Amino acid sequence: MDVSDLARSVIAGDRRALARAITLVESRRDDHRAAARSLLAEVQAAGRQALRIGLSGTPGVGKSTLIESLGLLLTAQGLRVAVLAVDPSSARSGGSILGDKTRMERLSRDPLAFIRPSPSQTQLGGVARRSREAVALCEAAGFDVVLIETVGVGQSETMVAELCDIFVLLLAPAGGDELQGVKRGIMEMADLILVNKADGDLKPAALRTCADYAGALHLLRRRPQDPPGFPKALTVSALADTGLAEAWTEIRNLAAWRQDHGHWANRRAGQARHWFSEEVRQGLLAELNHDPARARMENLGQAVAAGRMTPDAAAAEMLAALAHSTP
Ligand SMILES: Nc1nc2c(ncn2[C@@H]2O[C@H](COP(=O)(O)OP(=O)(O)O)[C@@H](O)[C@H]2O)c(=O)[nH]1
Ligand SMILES: [Mg+2]
């Protein structure tokens, strides 16, 4: 396979090429990795950007339903929409998001939409890179909006927040007055909170929950990347398709404001830096599992266990060896 041909086809918007390109970046084979690296460099040269929206929430809150309704709203406006799923649990469960593609049945038949379920065999560490690169490929393919769905399990939310321009937290109506145990850190990442299922019997509870969260958001420290009034909480019904047009208007306005005030570019630059340093960290850790570093770790470990060296001295020797082995 010729990488430049593939890059050209992706940039031309060929969806089969896009699917193949994503499969390539998901591969763990060394030769595929090298090809993926040149592919990404070539498509980045196209310089396209999409609006990346991260969407997080616990299982059952309505993420897939919302993505289908919002996706159809956007394609009806002529926008091209890509949907990617980030599901760290699929590493164990064997691809739970696969079922979601059937749930997003109407959207998956829409010629302006592209849905990519998460692969079933990713190791946890590979999820971030695979997602980031899939997003980059969708942007290069000319999608206007990339929706990134993730289950709320803490780690994956932090990761998706580092991948998107706008982070949306989806919540269900709460029974009592508790704030659903949403961690403060997650609240602080949210640009928009959507309380879903504001329909039928659940509507009053949804309105109450929304008011509670609006109050809680108000108490958070003001972030420089927010215009007045943000972050915001709204009610929606993904099923009844209400409130989604309003939510989209808020998202667009927020994105436009950030673009005008330099926050968009800043955030992307910061994210690029973050991923660079993450890759270096991961690479260094991976090195420890390969010889000669692995053998050296073992020997020094034995020396420490036998009391011939202190842990600190052995670590210093190990780190010095690593530093000298890097070209
Ligand atoms: N009443 C109501 N049910 C909804 C709404 N959105 C989703 N659901 C239901 O909640 C369940 C889980 O939805 P799903 O989109 O699969 O949630 P996900 O796990 O977050 O992707 C399904 O039975 C949906 O029909 C909504 O707006 N109102
Ligand atoms: Mg889902």
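## From the ligand shell to the paired helices

The largest share of the shell around ligand 1, amounting to 3 residues, is supplied by helix 4, which spans residues 63-76. The model is a predicted one, and in it 16 residues surround ligand 1, the closest being Gly 62, Lys 63, Ser 64, Thr 65 and Leu 239. Sorted by class, this shell holds 7 polar residues, 5 nonpolar residues and 4 charged residues.

Around this site the chain is built from 15 helices and 7 strands, and of its 327 residues 36% are buried. If one considers the contacts with a separation of 6 or more, 73% of them are between residues 24 or more positions apart.

Arg 52 counts as buried because 24 other C-beta atoms lie within 10 Å, where 20 or more are required. Leaving aside residues up to four places away in sequence, Arg 52 touches Val 135, Val 146, Ile 148, Leu 163, Cys 164 and Asp 165. A further pairing is that of Arg 52 with Ala 82, which stand 30 residues apart in sequence and 9.5 Å apart in space, taken from C-alpha to C-alpha.

Two helix pairs can be examined next. The axes of helix 2 (residues 15-26) and helix 3 (residues 30-44) come within 8 Å and cross at roughly 130°, so the two helices are oblique to each other, and their crossing is left-handed. In this contact Ala 21, Leu 24 and Val 25 of helix 2 meet His 32, Ala 35, Ala 36 and Leu 39 of helix 3, a set that by class comprises 6 nonpolar residues, 1 polar residue and no charged residues.

The second pair is formed by helix 14 (residues 293-305) and helix 15 (residues 311-325), whose axes come within 9 Å and cross at roughly 165°. Helix 14 and helix 15 are therefore roughly antiparallel to each other, since angles over 145 degrees are placed in that category, and the crossing is right-handed. On the side of helix 14 the contact involves Ala 293, Arg 296, Met 297, Leu 300, Ala 303 and Val 304, which meet Pro 311, Ala 314, Glu 317, Met 318, Ala 321 and Leu 322 in helix 15. By class, the contact between these helices has 10 nonpolar and 2 charged residues, with no polar ones.

The backbone also deserves attention in several loops. Most residues other than glycine have a negative phi, and most peptide bonds are trans. Against that background, the peptide bond from Phe 230 to Pro 231 is cis, with omega near -10°, and Pro 231 lies in the loop between helix 11 (203-219) and strand 7 (232-235). Asp 291 and Pro 292 are likewise joined by a cis peptide bond, with omega about 5°, and Pro 292 is found in the loop between helix 13 (263-287) and helix 14.

As for phi, Lys 197 is not a glycine, yet its phi is positive at about 65°; this residue lies in the loop between strand 6 (192-195) and helix 11, and Lys 197 is buried because 24 other C-beta atoms lie within 10 Å. Asp 241, also a residue other than glycine, has a positive phi near 60° and sits in the loop between strand 7 and helix 12 (244-260). With 17 C-beta neighbours inside 10 Å, Asp 241 therefore counts as partly exposed.

Conventions:
Residues numbered from 1 in each chain as written. Chains lettered and ligands numbered in written order. Predicted model: local features only at pLDDT ≥ 70, side-chain atom pairs only at ≥ 80, totals over all residues. Axes fitted to C-alpha atoms, helices over the stretch in contact; angles between N-to-C directions. Helix = DSSP H or I, 4+ residues; strand = E, 2+ residues; numbered from the N terminus. Parallel < 35°, antiparallel > 145°, perpendicular 65-115°, else oblique. Left-handed = near helix turned anticlockwise from the far one by under 90°. Contact = placed C-beta atoms within 7 Å. Nonpolar A, V, L, I, M, F, W, Y, C, P; charged D, E, K, R; others polar. Near = placed C-beta within 6 Å. Buried ≥ 20, exposed ≤ 12 C-beta atoms within 10 Å, placed from the backbone.
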